[in-house]
Amino acid sequence: MNKCSQCIVRQFSSLKHLTKEELLRVSACKTSKIIKKGEFLFEEGEHINGVFCIKDGVCKVSKMSENGKNQIINLINHGNIIGERSLISNEVSNLSAIALNDMTVCFIPKDEIMRDLQMNAAFSLDVLKTMATSLKSADNLIVDMAQKSVKQRLAESLLNLKEKFGTSSQGVIDIHLSREDIANIIGTATESAIRLLSELKKKGIIEFKGKDIAILNDQELEKIAHGF
Ligand SMILES: Nc1ncnc2c1ncn2[C@@H]1O[C@@H]2COP(=O)(O)O[C@H]2[C@H]1O
């Protein structure tokens with residue numbers, strides 16, 4: 001079994017604050033899992049009973065509304081922990097998490113994480129900091145949804161995706177998203193997302209390489225994102 005103390009992604013998450021003894025206990029009770037592209041880590045309404053530490057791969061966290069529309073709240077990659085909110089609030093998960101590509105994750109059971117949260121203030125504070133940051137991004141998402149046009153949200157999302165995932169050697173944004181995923185990030189119908197992407201392509205601002213997208217003119221996209 002891989003030891004948490006030797007895990008390279010630990011430095012990116014709150015787990016970096018755990019002591020040697022705490023890490024040994026976590027290593028002893030965690031389970032490593034491979035989650036294939038398209039599989040659920042957990043579903044909305046499920047008792048997760050622990051947290052997932054993402055070692056490799058990316059998942060989307062999303063919520064299904066009553067009218068059957070799916071809103072992607074965030075894309076979460078390696079070095080992050082997910083599932084901490086419902087663990088702390090002792091509720092079922094408010095969101096689903098689905099793998100966007102093959103993932104390697106470690107599941108740490110609730111009892112161990114609760115014990116660490118109670119005993120290790122630096123760890124708890126870091127978990128709080130992460131939750132505060134994601135609350136801030138959720139604030140921004142609400143305002144963007146209410147005040148920005150779909151076109152602005154698309155431009156902003158493409159720039160954010162490029163910043164977060166970088167570009168591959170082919171020059172495309174280095175995360176494979178379906179057109180439906182893009183629509184679910186910006187909160188519109190898939191057909192509208194496709195139409196707006198084609199408009200950006202016609203203007204030479206982006207280009208398609210297969211299903212993937214390369215940004216050719218960041219400045220123009222910034223202008224659109226700001227409503228110009
Ligand atoms: N805006 C966000 N940014 C990053 N992570 C989030 C965001 N919203 C939810 N999550 C994570 O997704 C998880 C879904 O299950 P939980 O609510 O237990 O815990 C949540 C967080 O770990």
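Is Lys16 buried, exposed or partly exposed, and at what relative accessibility?

1. Lys16 has a relative accessibility of 38% and therefore counts as partly exposed, a class that lies between buried (under 20% relative accessible area) and exposed (over 50%), as computed with a 1.4 Å probe on protein chains only. The model is predicted, so that local features need pLDDT of at least 70 and side-chain atom pairs count only at pLDDT 80 or more, while totals for chains, interfaces and linings use all residues. Residues are numbered from 1 along each chain as its sequence is written, and side-chain values use heavy atoms, with hydrogens and water left out.

2. A salt bridge is taken as a side-chain nitrogen of Lys or Arg within 4 Å of a carboxyl oxygen of Asp or Glu, and by this rule the count is 12.

3. One of these joins the side chains of Lys16 and Asp126, with 3.9 Å from N to O. The pair links distant parts of the chain, 110 residues apart, since Lys16 lies in the segment before helix H1 (20-29) and Asp126 in helix H4 (residues 121-147); helices here are DSSP runs (H or I, at least four residues) numbered from the N terminus. Asp126, at 13% relative accessibility, counts as buried.

4. Arg25 and Glu112 form a salt bridge whose closest N and O atoms are 3.3 Å apart, and this pair connects helix H1 with helix H3 (residues 110-119) across 87 residues. Arg25 is partly exposed at 27%, whereas Glu112 is buried at 8%. A network of salt bridges links Arg25, Glu112 and Asp116.

5. Glu207 and Lys209 also meet in a salt bridge, at 3.8 Å from N to O; Glu207 is partly exposed at 29% relative accessibility, and Lys209 is partly exposed at 37%.

Methods
Helix = DSSP H or I, 4+ residues; strand = E, 2+ residues; numbered from the N terminus.
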